[in-house]
Amino acid sequence: MLVDTHCHLNMLDLAPFDGDDSAMIADMLAQGVERVVCISVDLETLPEVLSFADRYESVFASVGVHPSSSTDAGPNVATLVELAKHPKVVAIGETGLDYHYNDEGLENMRHQFRVHIQTAHQTQKPLIIHTRSAQADTLQIMQEENARDVGGIMHCFTESIEMAQASLEMGFYISFSGIVTFKNAANVQAVAEYVPLDRMLIETDAPYLTPVPFRGKPNRPSYVRYVAEKIADIKQCSVEQVMSITTSNANQVFQW
């Protein structure tokens, strides 16, 4: 069994499936991916995310606003708490800080990150954190808002071993995407070697970051298997072991 802990089903290219999202789900299940979490990036498209979760037993959802959509005023805690009452919502996010693509509205982005952590406290749901080029501020806000008390996932991790260590110490899991399969991703592979399997998750971030050997084509949840295979190669263990442990980790995080 495999779990894709982070994808965007509502953004996928369904052309290979003749426009039929049920065929995409069938492909996923046929490849042993038994559960996926469809991630919210803004409240405007949240109904599409929740629709997938409502229609398919294997699909779960998150509620949140992506950092790059948080440079303007965003939702308050009460709004997010209410939305998170949906029975298939298992996490808050994706939230966090992204200074790589954003150089304006950063104060509001930081405020929204705090709002999401406070929502996680109230709902007792894990956080899904996106961080890029914002290591110090991300860790500082996590510490100040006691993110360790709710835990969660450092999604699509591309930062340093030092940040991975700090996140692990706060009880977070480190999730690896198709980037770990790229030839030029030695830093990500080094982090994957460092992180213990029992604190690791795998994801596609589909339709983005398609793993080798399909790099350059649209991603899909069934491709999470290639992330597992690369992790097995890095860890010098069996793919079955990676699949089993990362699935157990996902069960622990999301409490389905």
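These exercises work through parts of one structure, each with a solution. The structure is a predicted model, in which local features need pLDDT of at least 70, side-chain atom pairs count only at pLDDT 80 or more, and totals for chains, interfaces and linings use all residues. Residues are numbered from 1 along each chain as its sequence is written, and side-chain values use heavy atoms, with hydrogens and water left out.

**Exercise 1.** State how strand S1 pairs with strand S2, and which unit they belong to.

Solution.
- Strands are DSSP runs of E with at least two residues, and helices are runs of H or I with at least four, numbered from the N terminus.
- S1 covers residues 2-7 and S2 residues 33-38; they pair in the parallel sense over 4 bridges, where pairing requires at least two DSSP bridges.
- Leu2 stands opposite Val33 in S2.
- With helix H1 (residues 21-30), S1 and S2 make a right-handed β-α-β unit. Right-handed means that, with the strands pointing away from the viewer, the path from the first strand over the helix to the second runs clockwise.

**Exercise 2.** Determine how many residues of S1 are buried.

Solution.
- Buried means under 20% relative accessible area, exposed over 50%, and partly exposed in between (1.4 Å probe, protein chains only).
- In S1, 6 of its 6 residues are buried.

**Exercise 3.** Is His116 buried or exposed, and which residues does His116 touch?

Solution.
- His116 is found in helix H4 (residues 106-123).
- His116 counts as buried because its relative accessible area is 0%.
- Contact means heavy atoms within 4.5 Å.
- Not counting residues up to four places away in sequence, His116 touches Gly64, Val65, Leu80, Ile92, Gly93, Thr95 and Leu127.
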